[in-house]
Amino acid sequence: MVDEQEVSPVVSEEEVVAAVAEEETPVEETIEQSADEEEVSEPTEEEKAKLVQLEAERTVVNDEAEKHRQRRDELNAETKEWKAKRDSLNLQVRELVDEAGKARTERDEQNQIVRDQKVVRGEHNNKAAEIKEQINKIRPPTENKEKDGKREEKEESLPQMKKRLQQMENQQQTSPLSNDKEKKLVKAIATLAKEIAEKEKSFEGDEELRTLYQQLHEEKAAAEAAHKLVSEAAEKAQAAHERMLSLYKQADEIRKQADAAQQKFIESKQAADEEHRLHIEQIKNVHEISKSAGDIKNKKKAAGKKKADIASKHEAEKIFEKFKAGEKLSTEDLMTLQKSGYL
């Protein structure tokens with residue numbers, strides 16, 4: 001399962017401006033000088049041309065910064081999409097692994113049933129063999145050997161013979177048969193019915209033998225029931241095992257998709273981080289250009305203000321001379337003297 005990473009928070013332009021502002025020395029919009037200081041020179045033609053160049057350059061850099069910002073935002077959106085896809089795929093993997101774990105548990109449980117019922121089946125088969133030995137001591141089995149000494153045929157129990165007879169009778173009554181097949185079946189039914197009657201007659205007066213045959217039948221039935229449980233549990237265990245393998249295979253395939261989504265997430269995030277770095281870099285460049293342009297503009301403002309101050313001082317000197325000469329001054333003249341420090 002892939003590692004999860006979050007999208008880094010994006011620094012706003014306001015935060016960038018604040019950070020840049022802290023690094024810069026504020027440019028004073030006004031320069032206060034006394035009327036006695038030397039006149040501040042106007043920007044040179046070279047500085048004026050530089051100002052035009054700086055303003056054009058700032059426009060270009062500002063456009064580049066905006067492009068990086070837009071691309072960063074697009075990549076951040078893609079990063080979020082890849083993260084959502086990765087998380088969704090990882091959730092599917094976890095669900096499939098959980099289901100596979102349940103299938104594995106079921107398989108193990110059914111395999112335990114197989115082991116347990118095999119033990120039960122063996123115990124009943126052993127008991128059946130012991131009972132059969134007791135029967136053979138009382139009533140030796142009918143020999144059916146060939147000259148080369150082949151093994152005895154398995155003796156069919158009375159209940160089994162009766163069950164087979166019932167099946168044959170049902171076949172005769174329900175299945176469409178040709179004349180030859182029906183004659184053969186009728187003959188077989190008669191033969192089997194005679195054998196059953198002879199076996200039942202042989203049990204008459206022999207309670208011990210009858211009891212042993214009943215016990216033999218019960219042990220064989222119990223062994224058969226255990227064998228059936230073994231077969232059923234084995235089939236369920238196999239089905240659970242195959243389901244478990246299928247679920248793990250699906251989980252592996254989806255995990256590969258999740259890994260691919262994680263890789264895309266990382267690539268997109270790294271690209272977004274790079275675009276953010278470039279955006280911040282260009283914003284800082286804009287502020288540096290603005291500072292350089294501001295220096296030239298402030299020089300022009302300072303020169304203009306100095307000229308105005310000198311002119312205002314000369315005007316105030318003239319008014320003050322009129323005042324000393326006893327001439328009547330207007331309200332505006334008095335305000336000019338006040339601003340200039342004569343009053």
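Student: At 38% relative accessibility, does Glu 281 count as buried, partly exposed or exposed?

Tutor: Glu 281 counts as partly exposed, with a relative accessibility of 38%. Please bear in mind that this is a predicted model. The term covers the range between buried, under 20%, and exposed, over 50%.

Student: With which residue does Glu 281 form a salt bridge?

Tutor: In general, side chains of opposite charge can pair when their charged atoms come close. In this structure, the partner of Glu 281 is Arg 277, and their closest N and O atoms are 3.1 Å apart. Arg 277 is itself partly exposed, at 40% relative accessibility.

Student: Where do Glu 281 and Arg 277 lie, and how many residues apart are they?

Tutor: Both belong to helix α5, and four residues separate their positions, about one turn of the helix.

Student: Which salt bridges share partners and so join into one network?

Tutor: Glu 66, Arg 69, Arg 72 and Asp 73 are linked in this way. The structure as a whole holds 14 salt bridges.

Student: How many residues apart in helix α5 are Lys 269 and Asp 273?

Tutor: They are four residues apart, a separation of about one helical turn. Their side chains meet in a salt bridge, with a distance of 3.2 Å from N to O. As for accessibility, Lys 269 counts as buried at 13%, whereas Asp 273 is partly exposed at 37%.

Student: What is the N to O distance in the salt bridge between Arg 255 and Asp 252?

Tutor: That distance is 2.7 Å. Arg 255 and Asp 252 are three residues apart in helix α5, which again places them about one helical turn from each other. Arg 255 has a relative accessible area of 23% and is partly exposed; Asp 252 is partly exposed too, with a value of 40%.

Student: Let us turn to the nonpolar residues. Which residues make up the largest nonpolar core?

Tutor: The general idea is that, in soluble globular proteins, nonpolar side chains tend to be buried together. Here the largest nonpolar core has 11 residues, among them Leu 89, Val 93, Leu 96, Met 244, Leu 247, Ala 251 and Ile 254. At least two of the core residues come from each of α2 (45-138) and α5 (207-324). The greatest contribution is that of α5, which gives six residues.

Student: With which residues is Ala 251 in contact, leaving aside its neighbours within four places in sequence?

Tutor: Ala 251 is in contact with Val 93, Leu 96 and Val 97. There is also a second, separate core of eight residues, including Leu 158, Ile 189, Leu 192 and Ile 196.

Student: How many helices and strands does the secondary structure of the chain contain?

Tutor: The chain has six helices and zero strands. Read from the N terminus, its elements follow the order α-α-α-α-α-α.

Student: What share of the contacts with a separation of 6 or more joins residues 24 or more positions apart?

Tutor: The share is 85% in this chain.

Student: What percentage of the residues in the chain is buried, and what is its accessible surface?

Tutor: Of the 343 residues in the chain, 25% are buried. The accessible surface comes to about 23500 Å², and carbon and sulfur atoms hold 49% of that area.

Definitions and conventions: Residues numbered from 1 in each chain as written. Predicted model: local features only at pLDDT ≥ 70, side-chain atom pairs only at ≥ 80, totals over all residues. Heavy atoms only, no water. Buried < 20%, exposed > 50% of the residue type's maximum accessible area, 1.4 Å probe, protein only. Contact = heavy atoms within 4.5 Å. Areas by Shrake-Rupley, 256 points an atom, 1.4 Å probe, with all protein chains shown as cover. Core = buried A, V, L, I, M, F, W, Y, C linked by side-chain atoms within 4.5 Å. Salt bridge = Lys/Arg side-chain N within 4 Å of Asp/Glu carboxyl O.
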